[in-house]
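Thanks for coming. I will go through one structure today, and I will keep to side-chain pairs, helix packing and cavities.

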Amino acid sequence: MSAPPLKASATAATIVAAAAAAHRATAAAVPCGAPRAPPRRLRCSATGAVEVHAPMDWGTRSLEEMQRAEDFESFCLMGLSPLDGRYERFIRDLKPFFSEFGLIRYRVIVEVKWLLKLSQIPEITEVPPFSEEAQLFLNAIIEEFGIADAKEVKKIERITNHDVKAVEYFLKQKCSSNPEITKVLEFFHFGCTSEDINNLSHALALKEGVNTVMFPVMIDICKAMCSLATQNSTIPMLSRTHGQPASPTTLGKEMANFAARLSTIGKSFSEVKILGKFAGAVGNYNADVVAYPEVDWPKVTEEFVRSLGLEFNPYVTQIEPHDYISKLFNLFVQFNNVLTDFDRDMWTYISLGYFKQIVKAGEVGSSTMPHKVNPIDFENSDGNLTIANGTLSSLSMKLPISRMQRDLTDSTVLRNLGVGLGHSLLAYKATLRGIKKVQVNEFRLSEDLDQTWEVLAEPIQTVMRRYGIPEPYEKLKEITRGQAVTKDSIRLFIEGLDLPEVARSSLLKLTPHSYIGEAEKLARNIEELVDLKSGFKIE
């Protein structure tokens with residue numbers, strides 16, 4: 001995002017000074033002599049060691065702070081998207097990663113860690129190695145970053161009209177009280193273009209958000225389908241091709257099909273490499289080389305990017321080209337397509353009566369028809385997957401395309417990363433709720449099979465072929481296609497065939513319930529096929 005020139009009265013120095021003054025005024029509100037707790041990152045345990053906090057401490061802390069806000073409920077009611085309103089509670093865990101708060105925090109992480117990296121480069125004597133106290137001070141900014149800090153950044157942005165520059169000024173304000181860091185304040189954002197900061201921030205958000213929030217729910221879906229498969233492996237069910245009765249299967253085998261498909265896609269996620277660049281305004285380290293020609297900047301920046309847990313992309317323009325995001329989102333679209341297929345099959349099975357829905361006390365199915373129990377969870381999932389795939393597909397197609405070295409559209413589009421993932425997460429949780437609310441109706445499954453003896457035409461004509469009976473297909477077609485077929489009519493036909501007694505006896509024992517091939521075995525073995533340990537993760 002390009003920043004307009006600052007007014008004469010709003011130079012960088014005056015912005016930082018004004019922000020620092022506000023910060024001091026807040027600090028002065030603490031009564032004189034009152035003890036002040038050190039930043040959480042600096043607090044010591046009983047053993048005297050520096051306390052180390054779990055990676056998700058910050059996420060939990062920020063969500064708790066958000067929910068305590070007096071205007072939170074009003075905000076949810078006024079949200080333009082249902083992700084911020086009615087369904088906020090289902091996608092809340094994504095907010096620390098893909099909200100504007102999350103983006104600001106990741107920018108702070110990148111800026112602070114880059115300053116720390118500069119202090120480790122011997123040739124940059126202007127930024128000497130930081131003392132342990134200064135390092136702890138800088139790390140505390142990351143560890144303690146909260147909603148109030150993000151609001152400070154937004155205040156500065158109202159002056160700069162530039163979101164990344166506002167983060168730089170915020171950090172200068174934050175560090176102005178530390179004598180050691182004050183000497184090197186101008187090395188915040190050194191040699192960087194905004195996209196150096198942004199691309200790493202988005203990469204970190206994607207890697208951490210997907211690994212922490214999305215994949216666990218996707219794994220739960222696969223596990224739930226495996227359970228449906230194994231628990232119902234022996235229950236015969238009439239198949240339907242083109243919507244018409246077809247050779248029987250088992251309910252478990254149909255569930256196993258989806259578990260296998262989704263787990264295969266899950267393995268592909270591990271092939272995605274989350275990339276980052278840090279090569280300046282057009283990808284050539286131009287300013288860095290002029291300032292410090294003796295530094296091996298490609299090597300330094302590769303070390304820096306990899307230290308964040310990302311892969312390094314050396315061939316870039318002003319932007320990282322986002323091909324990896326396209327690949328990642330295409331995989332989500334694939335997963336979502338399969339899940340849509342599952343949702344619609346489950347909806348149909350419920351409509352046919354194969355599944356009963358568990359009634360929840362207090363719920364209403366229709367505002368006028370008291371008896372209604374609707375498959376709302378599968379419908380909810382289906383609808384949200386449609387919106388998710390529309391967004392994810394748009395991002396996947398747009399992000400790899402940029403005019404020349406860069407235009408602003410990619411930054412605009414990237415702000416919607418959480419939208420496609422949010423609707424996906426909402427759908428995943430709806431599907432899981434739907435699975436938990438259904439019970440198998442074996443009576444209806446058996447009833448359908450009892451009424452479709454014509455499905456035995458396939459095995460009968462196949463056995464006839466084996467024993468050389470002429471025109472087997474045509475003979476079965478004549479008595480079954482468009483005809484009322486019963487158990488007695490099928491038995492009568494079999495008894496009239498010129499077959500060995502063993503073959504005839506075998507066909508006479510066959511029923512629509514027993515004609516399931518290897519469906520039971522395939523359903524039982526699904527857990528051996530589904531590998532959830534090597535998939536659904538990004539290293």
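There are 20 aromatic pairs in this structure, and please keep in mind that the model is predicted. I will show one of them. A pair of aromatic rings is described by the distance of the centres and the angle of the planes. For Phe-335 and Phe-536, the centres are 6.0 Å apart and the planes are at 90°, so the pair counts as edge-to-face, a class that takes angles over 60 degrees. Where in the chain do Phe-335 and Phe-536 sit? Phe-335 belongs to helix H15, while Phe-536 is in the segment after helix H25 (526-529). The two are 201 residues apart, and the pair links distant parts of the chain.

Next, helix packing. Two packed helices are described by the angle between their axes and the distance between the axes. I have two examples.

On the H6 side, the contact uses Glu-100, Phe-101 and Ile-104. These meet Ile-147, Ala-150, Val-153, Lys-154 and Glu-157 of H8. By class, that contact has 5 nonpolar and 3 charged residues, with no polar ones.

The second example is helix H22, residues 487-495, with helix H23, residues 501-509. Here the axes come within 10 Å and cross at roughly 175°. An angle over 145 degrees counts as roughly antiparallel, so that is how H22 runs relative to H23. Arg-491, Ile-494 and Glu-495 from H22 are in contact with Arg-504, Leu-507 and Leu-508 from H23. That contact divides into 3 nonpolar and 3 charged residues, and again no polar ones.

Last, the cavities. How many of 30 Å³ or more does a search of the whole structure find? The search gives 2.

The largest cavity holds about 50 Å³ of space. Its lining consists of Glu-195, Asn-198, Asn-199, His-202, Leu-275, Glu-320, His-322, Tyr-324, Ile-325 and Leu-414. Two elements give two or more residues to that lining: helix H11 (194-231) and helix H15 (323-352). H11 has the largest share, with 4 residues. Sorted by class, the lining of the largest cavity has 4 nonpolar, 4 polar and 2 charged residues.

The second largest cavity has a volume of about 40 Å³. Gln-357, Asn-374, Pro-375, Ile-376, Asp-377, Phe-378, Gly-434, Lys-437 and Val-438 line it. Helix H16, residues 376-398, provides the largest share of this lining, 3 residues. The classes here are 4 nonpolar, 3 polar and 2 charged.

That is what I have for today.

Key:
Residues are numbered from 1 along each chain as its sequence is written. This is a predicted model: local features need pLDDT of at least 70, side-chain atom pairs count only at pLDDT 80 or more; totals for chains, interfaces and linings use all residues. Side-chain values use heavy atoms; hydrogens and water are left out. On a 1 Å grid over the protein atoms alone, a cavity is a set of points where a 1.4 Å probe fits but cannot get out, and a pocket is an open set with protein on both sides within 12 Å along at least five of seven lines; lining residues have an atom within 4 Å of a point. Grid points are joined across faces, edges and corners, and a volume is the space filled by probe spheres set on the points. Ala, Val, Leu, Ile, Met, Phe, Trp, Tyr, Cys and Pro count as nonpolar, Asp, Glu, Lys and Arg as charged, and the others, Gly among them, as polar. Contact means heavy atoms within 4.5 Å. Rings of Phe, Tyr and Trp (its six-membered ring) pair if their centres lie within 6.5 Å; planes under 30 degrees apart count as stacked, over 60 as edge-to-face and the rest as tilted. Axes are lines fitted to C-alpha atoms, for helices over the stretch in contact, and angles run from 0 to 180 degrees between N-to-C directions. Angles under 35 degrees count as roughly parallel, over 145 as roughly antiparallel, 65 to 115 as roughly perpendicular and the rest as oblique.
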